[in-house]
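The following briefing concerns side-chain contacts in the structure shown below.

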Amino acid sequence: MTTQTLPPRAEPLLYAGFAIFAAVTAAVTHLGPHRVWGLFAAVAYGLAAVFWRTRTAAWLALGGAVVLPLAVLVLSGQGQPEVAVVQRSGAHLLAYGTPYLSPGELAGGTYESYNPYLPGMALLGLPSALAGIDARLVFGGVFLMLLGRRNGRLLAASPLVALPLVVGGDDLPVIGLVCAGFTLAARDRPALAGLAMGFAATLKATAWPAALVCLALIATRGGAARRYGAVVAGLITVGVGLPALVDPSGMFENVVAFPLGLAGVESPADSPLPGHLLAASGAYGHAAAVAALGVAALGMGVSLVVRPPGDVRAAALRLAAGLLLATALMPATRWGYLVYPAVLVCWARLTERRKEPELCLAA
């Protein structure tokens, strides 16, 4: 594993920057898992900066910023709340046929009782329910498998992916599926692209804009857009629509009311971004934030019609711009959501140097 895409002598500066970021994270965070990551990663990136001329530098970064802190946190049972939420949703799905607690069961509970993810995310919690496998290992494994050896390792060795992978990581499988969908679309495999995007769309609503961008990409390239759309629609119907019919009240309370701040329990996603600041100003501010988010979504849709992306890089950058805007305007938002545009931009940069985007470990 190397960083051949970097200019000469930029590699030690990059690792040094990573080390500073990790050290600052450890110093200022009030979250225990983040502090553990920061301490390990600061040392790992510092060593990588010193030994940057050797082949071991990238492995030092990957081992010290991902493998060691992840092992410590998994063995000690520490992690962000989303890890426990996904694991509990998998167990609840097995036991009751739905990943969601009912409104009655949620009454009087804390935000950790809610499951804001779409039903497909519970499938990633099944290994925990069946075999005690920490969900972060599933999240990271899916991400690395879908992005391939080179791109997956390069991104995982950076704080962009290393930090969320170690402490939580539920966004990573969504990003991996989205990148796989774009790659398959560029290879003129619309049905397989639909499978990737459709499954991503059953995990988190953040994948829905990606599915539309991929549709525009396929249509621009003269591909079978109808076939792609049928596969995506079919998966969303089965993975989201049917569970909504089985447990409409539970799904609405968890997936719609809670993220929009309408459940009576405040989400911990409170980063001081414009959408949250508006929502915190009162009922009118909350309505304004939701309206601004709707206008941004409409503008994204119009841009796909007026100027659709013509290749993988353009599609990834268009989606990154849209998700960056959405992150800024969501009423309940957090800095962690910025992993989507950040990874998409870096992935686009990595793939543009290759004749064809990399996909899967065997690529």
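**Side-chain contacts in the predicted model**

K204 is buried, with a relative accessible area of 8%; buried means under 20%, exposed over 50% and partly exposed in between, with a 1.4 Å probe and protein chains only. The model is predicted, so local features need pLDDT of at least 70 and side-chain atom pairs count only at pLDDT 80 or more, while totals for chains, interfaces and linings use all residues. Residues are numbered from 1 along each chain as its sequence is written, and side-chain values use heavy atoms, leaving out hydrogens and water.

**Salt bridges**

- The count comes to four salt bridges, each defined as a side-chain nitrogen of Lys or Arg within 4 Å of a carboxyl oxygen of Asp or Glu.
- D170 and K204 meet in a salt bridge at 2.6 Å, N to O. D170 lies in the loop between α9 (159-167) and α10, and K204 in the loop between α11 (190-201) and α12 (207-220), so the pair ties together parts 34 residues apart in sequence. Helices are DSSP runs of H or I with at least four residues, numbered from the N terminus.
- D171 also forms a salt bridge with K204, with the closest N and O atoms 2.4 Å apart.
- D170 is buried at 1% relative accessible area, and D171 counts as buried at 6%.
- D188 forms a salt bridge with R221, the closest N and O atoms being 3.5 Å apart. D188 is partly exposed at 49%, as is R221 at 36%.

**Aromatic pairs**

- There are four aromatic pairs, counted where ring centres of Phe, Tyr and Trp (its six-membered ring) lie within 6.5 Å; planes under 30 degrees apart are stacked, over 60 edge-to-face and the rest tilted.
- The ring centres of F21 and W37 are 6.2 Å apart and the planes stand at 65 degrees, so this pair is edge-to-face.
- F21 is partly exposed at 39% relative accessible area, whereas W37 is buried at 0%.
- Y15, F18 and Y45 form one aromatic cluster.

**Nonpolar core**

- The largest nonpolar core has 82 residues, of which Y15, W37, Y45, V178, F182 and M197 touch the most other members. A core is a set of buried Ala, Val, Leu, Ile, Met, Phe, Trp, Tyr and Cys residues joined through side-chain atoms within 4.5 Å.
- Helix α10 (residues 172-186) gives the most to this core, with ten residues.

Notes: Helix = DSSP H or I, 4+ residues; strand = E, 2+ residues; numbered from the N terminus.
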